[in-house]
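Subject: Structure handover

Hello,

Here is the structure for your own work, with the sequence alongside. My notes on what turned up follow below it.

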Amino acid sequence: MSSRARISGRSYWFVVFHQLKHEPVALFSALLLLLIFLAAIFAPWLAPSDPYATSMIHRLQPIGSPDHLLGTDELGRDMLSRLMFGGRLSLLMGVAPVFMAFVIGTSIGLFAGYVGGKINMIIMRMLDVFYAFPSVLLAVAISGALGPGMMNSLFALTLVFIPQLVRVAESVTTQVRKLDYIEAARMSGARSFSIIRVHVLGNVLGPVFVYATGLLSVSMILGSGLSFLGLGVKPPEPEWGLMLNTLRSAIFKEPLIAALPGAMIFVTSIAFNLLADGVRSAMDIKR
Amino acid sequence: MFFYVLRRLLYAIPIALGVTLISFLLVYLAPGDPLNAIAPSDAPAETIAALKVAYGLDKPLPMQYGLWLLRAVQGDLGVSIASGRPVAAEVLTAVRNTLVLAGIAGAIGIFFGCLLGALAGYWHGSWIDRIATFLSVIGVSVPHYWLGMVLTIIFSTWLAWFPAMGAGPGGSAEWLWDYAHMRHLVLPAITLCVIPLGIITRTVRALVADMLDQEFVIALRARGLSNATIFKHVAKNTAPTVLAVSGLQLGYLMGGSILVETVFAWPGTGFLLNTAIFQRDIPVLQGTILILCMFFVALNLIVDIIQPLIDPRMARA
């Protein structure tokens with residue numbers, strides 16, 4: 001029985017993937033994301049020059065300069081290289097907190113929903129307090145109190161997303177738990193852990209996954225935003241949000257260059273959102 | 001209805017207490033001794049000892065929280081390390097400016113979000129729908145701090161239509177409803193309104209499209225009611241959800257304006273928070289977070305209370 005369940009579980013994700021292939025917008029977004037990720041991952045080999053090498057005489061070269069395809073920044077560093085390297089930390093800011101919150105939030109939500117009763121109520125009421133904080137404010141408050149630093153902002157973002165994912169996981173678990181087949185599994189002697197793993201997790205993973213993909217762009221915008229405020233990555237490290245901040249001084253001289261890092265955040269975040277929309281409709285889950 | 005309001009009020013109290021607890025603990029989240037957050041690092045030993053007693057830091061943690069809460073309820077949020085002024089006074093000036101910005105941005109975003117969403121929902125699948133969907137994806141995807149920069153580049157640097165910085169002429173922090181001040185509001189408000197615009201367009205579009213397919217609308221149409229009357233019915237049915245989403249968005253705007261305020265040097269809470277963080281002015285950070293979150297809790301409560309006034313079924317649930 002358990003092996004049958006697993007096979008059908010896999011084929012469900014296969015169907016979703018198959019469905020996704022018929023969504024041209026989502027497919028295009030996925031391709032774009034793949035390109036951005038590859039450019040960031042292979043930046044050390046692809047980047048035309050050193051992203052840290054400053055040059056006072058080549059400050060703020062315009063876009064299309066012979067040596068610098070996308071110009072240079074306020075310290076004469078090659079923009080194209082910095083944008084490629086910058087993607088590493090910015091994308092990490094988008095993916096890592098969501099992934100961590102996905103793992104932790106799903107576990108807490110499964111536990112709370114499956115145990116039910118008073119314990120569930122206590123956990124959910126405690127998390128309600130976090131809902132009383134607007135997410136940007138909570139992220140800024142935590143990383144502001146902890147002090148600047150990338151690890152601190154990763155931690156703050158993870159903490160911001162956990163309550164939301166717990167809520168999704170908990171509500172699905174609570175619905176599923178009451179169904180007859182769970183009762184049947186329990187009567188046939190299955191332990192709680194294997195019931196959760198085999199019968200509950202499969203139902204919960206879908207909705208939580210959809211919700212989490214929708215958080216990717218939020219996470220990246222917020223993470224880069226923290227760096228923009230000076231709370232995240234520290235200079236001279238290349239990161240899109242921080243680059244946007246330091247280039248604010250160049251806004252009058254080379255506005256196009258000053259706007260470039262933000263455009264990268266924008267494009268990536270649109271692609272994340274369109275892909276999330278595609279995943280949602282492929283899995284046929286209403287918002 | 002009375003019991004519903006009472007229940008909502010009772011429910012809000014533990015949430016509000018939780019918010020105060022988290023705000024209180026922020027000081028302990030800061031690295032090092034919490035006293036370092038209150039006293040300057042070069043303070044003499046006896047000053048530190050005196051401060052320790054004055055702030056009750058020699059007492060156990062739960063008692064400290066109680067004392068802090070007691071003072072906070074009376075409007076005493078401590079003293080700013082950087083300026084030496086009472087935190088409550090600083091925060092209230094800033095909150096006023098943030099409320100002006102968030103209120104106007106929210107009003108624009110909610111109005112156009114409802115309009116666009118309703119049009120897109122009504123002409124489901126048409127070009128209006130496609131434009132609205134496109135705009136809402138952009139609205140939720142755009143990093144608003146970047147949008148603020150782009151608008152500054154276009155409308156301040158190139159066209160010189162609107163000022164790029166501050167809330168009034170000569171960098172005045174005092175907000176007035178006159179032409180000179182309003183000009184400063186335009187760019188930050190447009191930047192900020194994009195956030196609720198996207199989400200509200202999305203929500204209203206889905207709601208309206210869903211509602212128009214329902215049997216009661218078909219029944220109304222079959223009886224020969226005009227479009228305007230049907231619109232009234234649909235509006236009344238979608239209102240509670242739209243209200244809930246709008247309330248949430250308004251709250252997010254109060255928090256989310258931090259980044260936009262930084263871009264435009266708008267003298268609001270975001271600006272205050274940002275300066276507080278870099279001066280390690282933890283009392284100001286704590287006070288600002290506390291006040292903003294209390295606004296958010298109150299806003300949610302108001303939405304909860306208004307909702308059953310529109311749809312009485314909600315009070316019975």
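A:Arg125 has a relative accessible area of 39%, which makes it partly exposed. Please keep in mind throughout that this is a predicted model.

A:Asp128 is buried, at 7% relative accessibility.

A:Asp128 also forms a salt bridge with A:Arg167, where the closest N and O atoms are 2.8 Å apart. This second pair links distant parts of the chain: A:Asp128 belongs to helix 5 of chain A and A:Arg167 to helix 7 (residues 150-177) of chain A, 39 residues apart. A:Arg167 is partly exposed, with a relative accessible area of 36%. Taken together, A:Arg125, A:Asp128 and A:Arg167 make up a network of salt bridges.

What else does A:Asp128 touch, leaving aside its neighbours within four places in sequence? Its contacts are A:Arg167, B:Tyr11 and B:Ile15.

Over all chains, the count of salt bridges comes to eight. Another of them joins A:Asp277 to A:Arg280, with the closest N and O atoms 2.9 Å apart. These two are three residues apart in helix 11 of chain A, so about one helical turn lies between them. A:Asp277 is partly exposed at a relative accessible area of 23%, whereas A:Arg280 is buried at 12%.

The interface between chains A and B

A:Asp277 also takes part in a salt bridge with B:Arg202, at 3.1 Å from N to O. How many salt bridges does the rule find across the interface of chain A and chain B? It finds one. Polar contacts between the two chains come to eight residue pairs, with both residues at pLDDT 80 or more.

On the chain A side, helix 5 (117-131), helix 6 (135-146), helix 9 (192-228) and helix 11 (255-282) each supply at least two of the residues that touch chain B. Helix 11 of chain A gives the most to that side, with 13 residues.

In total, 46 residues from chain A and 44 residues from chain B take part in the contact. The size of an interface is often given as the accessible area lost when the parts come together. Here the area buried between chain A and chain B is about 3900 Å², and carbon and sulfur atoms give 78% of that.

Chain A overall

Chain A has 11 helices and zero strands. Its C-alpha atoms fill a box of roughly 75 × 45 × 30 Å along the principal axes. Of the 287 residues in chain A, 52% are buried. Among contacts in chain A between residues at least 6 apart in sequence, 73% join residues at least 24 apart.

Helix 11 of chain B

Helix 11 of chain B (residues 269-278) has seven of its 10 residues buried, so it is largely enclosed by the rest of the structure. The buried residues are B:Thr269, B:Gly270, B:Leu272, B:Leu273, B:Asn274, B:Ala276 and B:Ile277. They pack against helix 6 of chain A, and against helix 5 (87-122), helix 10 (227-264) and helix 12 (282-310) of chain B. Just after helix 11 of chain B, B:Arg280 takes a positive phi of about 50°.

Aromatic pairs

The structure holds 10 aromatic pairs over all chains. One of these is A:Phe42 with A:Trp45, a tilted pair at 6.1 Å centre to centre and 55° between the planes. A:Phe42 is partly exposed at a relative accessible area of 40%, while A:Trp45 is exposed at 67%.

The pair of B:Tyr122 and B:Trp123 is edge-to-face, because the ring planes stand at 85°, with the centres 5.0 Å apart; planes over 60 degrees apart count as edge-to-face. B:Tyr122 is partly exposed, at 37% relative accessibility, and B:Trp123 is partly exposed at 42%. Elsewhere, B:Phe24, B:Tyr65 and B:Trp68 are linked into a cluster by ring pairs.

Regards

Technical notes. Residues numbered from 1 in each chain as written. Chains lettered and ligands numbered in written order. Predicted model: local features only at pLDDT ≥ 70, side-chain atom pairs only at ≥ 80, totals over all residues. Heavy atoms only, no water. Phe/Tyr/Trp six-rings, centres within 6.5 Å; stacked < 30°, edge-to-face > 60°. Buried < 20%, exposed > 50% of the residue type's maximum accessible area, 1.4 Å probe, protein only. Contact = heavy atoms within 4.5 Å. Buried area = accessible area lost by both parts, 1.4 Å probe. Salt bridge = Lys/Arg side-chain N within 4 Å of Asp/Glu carboxyl O. Polar contact = N/O pair within 3.5 Å; in protein donor to acceptor, adjacent residues only side chain to side chain. Helix = DSSP H or I, 4+ residues; strand = E, 2+ residues; numbered from the N terminus.
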